[in-house]
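Keep the structure in view while reading.

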Amino acid sequence: MKGSGALREHPDGVSGTGRAYTGFWKSGTCPWLPDPRDFVDETWDASERGRVADYLDGGRVVAAYRGWSTCRICDKMNGNQDLGDGDIVWPSSFGHYARKHAVRPPAALVERALRRGRVPPARRA
């Protein structure tokens, strides 16, 4: 596995939000992004992987798009939203990558998911 896959800005150039971005993968339109195959960890405990995938699937919607993302590993139609937990943003397909392909998120996100168990509700002003 290479690096962490964490980004300082959204692949579409959104920055200055104070959030971290992860799980955005290389494609024909974004060839500079990481390849998810570089983050596959076949030794990752299945139970832990499921808990992390559930956390990723349960993120709050941050943005929605008109087109669909396709899995870079199996070509499954995946999703059209960005999800997050208030600090970290990921595509709605990240749970699929973790669950089906053992693509491990950065350690800080794994630790957060295991510690919290679920994404906390949005804070109200």
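Buried means under 20% relative accessible area, exposed means over 50%, and partly exposed is in between (1.4 Å probe, protein chains only). Helices (H or I, at least four residues) and strands (E, at least two) are DSSP runs, numbered from the N terminus. The model is predicted, so local features need pLDDT of at least 70 and side-chain atom pairs count only at pLDDT 80 or more, while totals for chains, interfaces and linings use all residues. Residues are numbered from 1 along each chain as its sequence is written, and side-chain values use heavy atoms, with hydrogens and water left out.

**Helix H2**

- Six of the eight residues of H2 (residues 94-101) are buried, so this helix is largely enclosed by the rest of the structure.
- The buried residues are Phe94, Gly95, His96, Tyr97, Ala98 and His101.
- Their cover includes helix H1 (46-57), helix H3 (107-116) and strand E5 (88-91).
- Ala102, with a positive phi near 60°, follows H2.

**Nonpolar cores**

- A nonpolar core is a set of buried Ala, Val, Leu, Ile, Met, Phe, Trp, Tyr and Cys residues joined through side-chain atoms within 4.5 Å.
- The largest one has 19 residues, and Leu56, Trp90, Phe94 and Leu109 have the most contacts inside it.
- H1, E5, H2 and H3 each supply at least two residues of this core, and the largest share, four residues, comes from H1.
- Contact means heavy atoms within 4.5 Å; beyond its neighbours within four places in sequence, Leu56 has contacts that include Leu83, Gly95, Ala98 and Pro105.
- Another core, of five residues, lies apart and includes Tyr21, Cys30, Leu33 and Val89.

**Ser27**

- Ser27 sits in the loop between E2 and H1.
- The backbone nitrogen of Cys30 is 3.2 Å from a polar atom of the Ser27 side chain.

**Salt bridges**

- A salt bridge is a side-chain nitrogen of Lys or Arg within 4 Å of a carboxyl oxygen of Asp or Glu; the whole structure has eight.
- Asp57 and Arg99 form one, with the closest N and O atoms 2.8 Å apart.
- Asp57 lies in helix H1 and Arg99 in helix H2, so this pair ties together parts that are 42 residues apart in sequence.
- Asp57 is partly exposed at 39% relative accessibility, and Arg99 is partly exposed at 31%.
- Asp85 is buried, with a relative accessible area of 3%, and forms a salt bridge with Arg112 (3.4 Å, N to O).
- Arg116 also meets Asp85 in a salt bridge (3.7 Å, N to O).
- Salt bridges that share partners join Asp85, Asp87, Arg112 and Arg116 into one network.

Methods
Polar contact = N/O pair within 3.5 Å; in protein donor to acceptor, adjacent residues only side chain to side chain.
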